[in-house]
Amino acid sequence: MNFELTEEQIMIRQAARDFAQTELKPGVIERDEHQKFPAEQVKMLGELGFLGMMVSPKYGGSGMDAISYVLAMEELSKIDASASVVVSVNNSLVCYGLEKYGNDFQKEKYLVPLAKGEKIGAFCLSEPEAGSDATSQKTTAVDMGDHYLLNGVKNWITNGNSASTYLVIAQTHPEKRHHGINALIVEKGMEGFEVGAKENKLGIRGSDTHSLMFTDVKVPKENRIGDDGFGFKFAMNTLEGGRIGIAAQALGIASGAYELALNYSKERKAFGKTIADLQATQFKLADMATEIEAARLLCLKAAWLKDQGQPYAQASSMAKLFASEVAMRTTVEAVQIHGGYGFVKEYHVERLMRDAKITQIYEGTSEIQRIVISREVLK
Ligand code: CAA
């Protein structure tokens, strides 16, 4: 077993760390407060190759491995989870799905600009009445011969307004249940496609989350990904990799909060010494460091399995379940270590605590991860 990173992986981690410090940190509090999408920063991330990290250079990507992706996601998420979710969704849910299952036409037309970061993608599975219960799709894609007629509503869509390319999951043959579902590539600007109001959220407030409305949108048949009825498998398979990205995001939120708490504890004085000299603080830091290291190893293991071409559904769900719970516990403790200062925005930890919560919810709640894991272990 080799725990050493390659030189390239170390370089990518450093590049993400530097970018987070110089480009994401200034303005992160303001973006959170005003729900401002980090448009400039996302553009730069695209130029640096972070939006198509694992896509082959043949399609405009950076050709990196999933380990590098985890390392970059951790570093970006330490500072700005609203920016890192754009990186995660674009890489894992959109580019990955198109590269693995798209045809040559779809790759040329849609994947290349997404991988280069010239455009942003969104993954549209959730509906007002189909979140965890993802097979219950109410959005319909009626087969009209040369096109599908798309009708319905999608909810809580990350990159809802900033995206140009949307992968939309919809039901074509309700009698076939999940075997009748299709995944369609929808472009912003198609007639009948409307972006709803921005959600006013607890956390990741810089990320633009919207509902989407489709009314008789004509989607050409050539925009269907895979065979007729492949859409649900497409969504599930894509989410396996997405969960590695969100696990790494949760890891970054946790390690960001931990680093802030660690530094603060060495500076803050109480009872005539630093609070780092108090065992109450030391034990908290010890628990945080241990849990974060365990979460990091789960993330890297899932990424390694993916890089090796081995099954990783269970590993990615374990990583997401554990890392997101660690993110929640760690950020709550980081606020506690900061005391009153932790409760105000300038110290960053309250934002990380709010951001942590979504990692237990999106791309499959903690409960869904337990379903996936228990099904695997009981196989
Ligand atoms: N890969 C491929 N196929 C899979 C799969 C996988 N990982 N997991 C399940 N499937 C297939 C099953 O084999 C089955 O097909 P067959 O009938 O042909 O065997 C089909 O999918 C249905 O599976 P189940 O019978 O297990 O369905 P279920 O309803 O009992 O459970 C579920 C499925 C795992 C709970 C699933 O609905 C699920 O993952 N729900 C959560 C959805 C989710 O993660 N949503 C996140 C939204 S995206 C998001 O948050 C993005 C963002 O913006 C950040």
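**H4 against H7.** I looked up which residues touch (contact here is heavy atoms within 4.5 Å): from H4 I get Tyr69, Val70, Met73, Glu74, Ser77 and Lys78, and they meet Ile244, Gly245, Ala248, Gln249, Leu251, Gly252, Ile253, Ser255, Gly256 and Glu259 in H7. By class I have seven nonpolar, six polar and three charged residues in this contact; Ala, Val, Leu, Ile, Met, Phe, Trp, Tyr, Cys and Pro go down as nonpolar, Asp, Glu, Lys and Arg as charged, and the others, Gly among them, as polar.

**Source notes.** This is a predicted model, with local features needing pLDDT of at least 70, side-chain atom pairs counting only at pLDDT 80 or more, and totals for chains, interfaces and linings using all residues. Numbering starts from 1 along each chain as its sequence is written, and side-chain values use heavy atoms, leaving out hydrogens and water.

**Geometry.** Next I checked the axes (lines fitted to C-alpha atoms over the stretch in contact, angles from 0 to 180 degrees between N-to-C directions). Those of H4 (residues 66-79) and H7 (residues 231-267) come within 7 Å and cross at roughly 45 degrees. That makes H4 oblique to H7, oblique being what is left after under 35 (roughly parallel), over 145 (roughly antiparallel) and 65 to 115 degrees (roughly perpendicular).

**Strand S4.** Then I went to S4 (residues 165-171), where seven of seven residues are buried, meaning under 20% relative accessible area with a 1.4 Å probe, protein chains only. I see Thr165, Leu167, Ile169 and Gln171 pointing one way and Tyr166, Val168 and Ala170 the other.

**Its neighbours.** For pairing (at least two DSSP bridges between strands), I find S1 (residues 121-124) parallel to S4 over four bridges, with Cys124 partnered by Val168. S5 (residues 181-187) runs antiparallel to S4, joined by seven bridges; Ala170 has Asn182 as its bridge partner there.

Note on methods
Helices (H or I, at least four residues) and strands (E, at least two) are DSSP runs, numbered from the N terminus. Buried means under 20% relative accessible area, exposed over 50%, partly exposed in between (1.4 Å probe, protein chains only).
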